[in-house]
4 protein chains.
Amino acid sequence: MKTERIPAGELLETGERVRFQIPTGHTVELYAEKTDVGNGIGYFDPDVDVLDGPGIRPIRMDHCLLYGGDIEGNLKLFTEVLGFTLVERVKLEDGKTDLAIWITCSAKAHDIAFVRSPEDGKLHHVSFQMPSWESVLRAADIMSINRVSIDIGPTRHGVTQGTTIYFFDPSGNRLETFCGGYDHYPDMHPITWSWENVGRGIFYHDRKLNDAFLSVVT
Amino acid sequence: MKTERIPAGELLETGERVRFQIPTGHTVELYAEKTDVGNGIGYFDPDVDVLDGPGIRPIRMDHCLLYGGDIEGNLKLFTEVLGFTLVERVKLEDGKTDLAIWITCSAKAHDIAFVRSPEDGKLHHVSFQMPSWESVLRAADIMSINRVSIDIGPTRHGVTQGTTIYFFDPSGNRLETFCGGYDHYPDMHPITWSWENVGRGIFYHDRKLNDAFLSVVT
Amino acid sequence: MKTERIPAGELLETGERVRFQIPTGHTVELYAEKTDVGNGIGYFDPDVDVLDGPGIRPIRMDHCLLYGGDIEGNLKLFTEVLGFTLVERVKLEDGKTDLAIWITCSAKAHDIAFVRSPEDGKLHHVSFQMPSWESVLRAADIMSINRVSIDIGPTRHGVTQGTTIYFFDPSGNRLETFCGGYDHYPDMHPITWSWENVGRGIFYHDRKLNDAFLSVVT
Amino acid sequence: MKTERIPAGELLETGERVRFQIPTGHTVELYAEKTDVGNGIGYFDPDVDVLDGPGIRPIRMDHCLLYGGDIEGNLKLFTEVLGFTLVERVKLEDGKTDLAIWITCSAKAHDIAFVRSPEDGKLHHVSFQMPSWESVLRAADIMSINRVSIDIGPTRHGVTQGTTIYFFDPSGNRLETFCGGYDHYPDMHPITWSWENVGRGIFYHDRKLNDAFLSVVT
């Protein structure tokens, strides 16, 4: 695998980066140093950070889902080289090949996910972390007040068991507000979903995939 | 309007009833006496009633929605004779005629609702009261665990601003788990929805009616 | 009982009032007309009212609790003349005399409450309605961020089963943020608490009264 | 540091353990192998695990808090040898010495905590993870229904910002139901609390320590 080193400072407040292409064609960059810009509440005798303004106000980015061909290659790279763990997978009709994989490098249920797709280098969605199911409802309300295009939700995922809304920004990119998902530890066995149950795995209440969700953004 | 008196005791633990047909063809019965069967927690030094078993466990019936032709007749009867108040209404394309009305005889946002329909005497759904948005999510999860057919939800209504799931029992009757809705007082002005916004009024997040919802049950 | 009529307009945007003193010495005013100043969301095709700013943002005033001597007189006046219903009561050690009564004129668990006290005309607290237990937590967080004096909470009442925080404004008046409480209907039997269980009745989790709570404000 | 190896199988379904005493005098055991006994929902096409029975039903053990003298020694051992990260700390009046430290080896806000104490080898509490603030309320209700002795709560911690109830089992051991806390990553700076703000750090709403909490269990 070819790697490229990008000097420190090329990206604002960021140390040297190592750039490489993963098997599904996406470009990934790793870095070890980033200037600390604070935690939002301060480091001394902090107060709790309550919701006190307009907008959805997610906590942080939670994960992203990428589309491409060689997701076996990605799984091997991320688990054997980058320290990720396989959390859940969906099988194709043959019961053997993976249609999708969810992997983590923390105790979150997923930090990144890949879905098999004929075209490489695609993005399905970027997801933002919400603190509670009630804050997911508020997010949906704010989307409707602003006539934001909602793909689906509020609902629950079977995969990770988190709660979710998928929606589109004005450029057509799919975004997600996501809450929860179980804690994952590296010694836990992965969960496997059959092709027959993929609908329930993705949208636990509707139990079927909707056409809008199957579109790939970029 | 013809009324009929049904003697006390004909319905178990219930006093004399007055039976009549309302303008949309539904049979309504009024009674003043019912044997007290308890409040579920006792009348002396009660404990709080927590969720401690399987099943959705709604608090009680919340309201029902009925279909029929003469909803103006119903509105007149319920508000002028039976003490109900008009809370919200949806207008037809002409901007004058009511497509639907929500009325209350308590401080709840609605106790009964009527939708104009070519056929009289129809039921759209019976709704059960839930204590919180989190309990609505649990209800949806229990429906999916039991493969119950969900019409739509969890979501929010624009009308009443309550949260909701519509689902079907095995006979095909539509039921609802409903939480919240604002408090209503008799001196509040009714809210009016235009034909163009009926989708957002009914399903605040999807902002359109779905085909399943438009079917009438019985 | 002596009544006094106050002409329309003496209080801004308010019709004629009838003023009288209730048996516990508090002055009460009734009026039938008030200029409509809106419902906060509009009367046509409204959007949902989400939390989008700083502060606790209660929905509205919920109830108040008053202290005085002749609470039997109040109970008689409010239930026999003003259309209230008795919802819950706490008995003194003798098991006969009421220490406190909670009464309602809506489907809320209480609209006003009275506690027996040697001095007439006192206020214990004014309470504001919150939409959810999560919003009660946010209220407590905001109080702490602003170093507001909290009496007790977040916790639950045994009486009404609502959730609560009591706190003090800078002048020393006790206020409450209150959520829930069961729906009450006029044909429900009142619930009675014994003297031995009053602690659990008032503060369901601590199961005892705290000194701060027993103080009377004004 | 003296270590002892305990053969596989001595503890049911557990591999070889390494046992040693940490500087505060507590005995710690490490093991790498444990028989998988399932995840509670199954590994294939699982359903969501909803609350469907009596009892508080925490998800799992979350953390424990231990008391002893040499917490600097513990901090050095856990961060330099065992891979933990310091998340928050409280300083004594001198502003230099640690009164308490919270450390993590996952993305949870803490996996273990230590408080300085004259006596070694003590336990303050064992904490169990709850899924939501609403489930913490239900836990408090169940404690009151069963007349379980509650130390404090439901309330929030300033440290970790999680929500909490402390309570005692019939033997007098302190337990906690805990929800949330922010996600922690190893590159985050620790948060420091001053002696003056320790009350708000521990109990964010009461802003003072209560006597019951200061007792050490064993």
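Predicted model: local features only at pLDDT ≥ 70, side-chain atom pairs only at ≥ 80, totals over all residues.

Salt bridges, within and between chains

Reply: Let's start inside one chain, where D:Asp98 and D:Arg89 are both buried (under 20% relative accessible area; exposed is over 50%, and partly exposed is in between, with a 1.4 Å probe and protein chains only). For the labels, residues are numbered from 1 along each chain as its sequence is written, with chains lettered from A and ligands numbered from 1 in the order in which they are written.

D:Asp98 and D:Arg89 form a salt bridge, with their closest N and O atoms 2.8 Å apart (the rule asks for a side-chain nitrogen of Lys or Arg within 4 Å of a carboxyl oxygen of Asp or Glu). Some bridges share partners: A:Glu4, A:Glu10, A:Arg17, A:Arg19 and A:Glu29 are joined into one network in this way. Over all chains, the count comes to 65 salt bridges.

Now compare a pair that reaches across chains. A:Asp141 and B:Arg156 meet through their side chains at 2.6 Å, N to O, in a salt bridge. A:Asp141 sits in helix 2 (residues 133–145) of chain A, and its partner B:Arg156 in strand 9 (residues 150–156) of chain B (helices are DSSP runs of H or I with at least four residues, strands are runs of E with at least two, and both are numbered from the N terminus). Both A:Asp141 and B:Arg156 are buried.

Back in chain D, D:Arg5 and D:Glu16 form another salt bridge, their closest N and O atoms being 3.1 Å apart. D:Arg5 belongs to strand 1 (residues 3–6) and D:Glu16 to the loop between strand 1 and strand 2 of chain D, so this pair ties together parts that are 11 residues apart in sequence. With a relative accessible area of 58%, D:Arg5 is exposed, whereas D:Glu16 is partly exposed at 40%.

Next, look at where chain D meets chain A. Here 29 residues of chain D are in contact with 29 residues of chain A (contact means heavy atoms within 4.5 Å). The two chains bury about 2,600 Å² between them, with 51% of it on carbon and sulfur atoms (this is the accessible area, for a 1.4 Å probe, that two parts lose on being put together, summed over both). Chain D and chain A share 2 salt bridges, and A:Asp47 meets D:Arg200 in a salt bridge at 3.1 Å, N to O. There are also 22 residue pairs in polar contact between these chains, both residues being at pLDDT 80 or more (a pair of N or O atoms within 3.5 Å; within protein, one must be able to donate a hydrogen and the other to accept it, and residues adjacent in sequence count only if both atoms are side-chain atoms). On the side of chain D that touches chain A, strand 12 (residues 191–193) gives the most, with 3 residues. That side divides into 11 nonpolar, 9 polar and 9 charged residues (Ala, Val, Leu, Ile, Met, Phe, Trp, Tyr, Cys and Pro are nonpolar, Asp, Glu, Lys and Arg are charged, and the others, Gly among them, are polar).

Chain A also meets chain C, and this contact takes 16 residues from each of them. About 1,200 Å² is buried between chain A and chain C, 54% of it from carbon and sulfur atoms. The salt bridge count here is 2, and A:Arg147 forms a salt bridge with C:Asp47, with the closest N and O atoms 3.1 Å apart. Polar contacts join 6 residue pairs, both residues at pLDDT 80 or more. The chain A side has 6 nonpolar, 4 polar and 6 charged residues.

Let's finish with C:Asp141, which lies in helix 2 (residues 133–145) of chain C. Its relative accessibility is 1%, so C:Asp141 counts as buried. The side chain of C:Asp141 makes a polar contact with that of D:His205 at 2.8 Å. Leaving aside residues up to four places away in sequence, C:Asp141 touches A:Val48, A:Val50, D:Arg156, D:Tyr204 and D:His205.

Notes: Heavy atoms only, no water.
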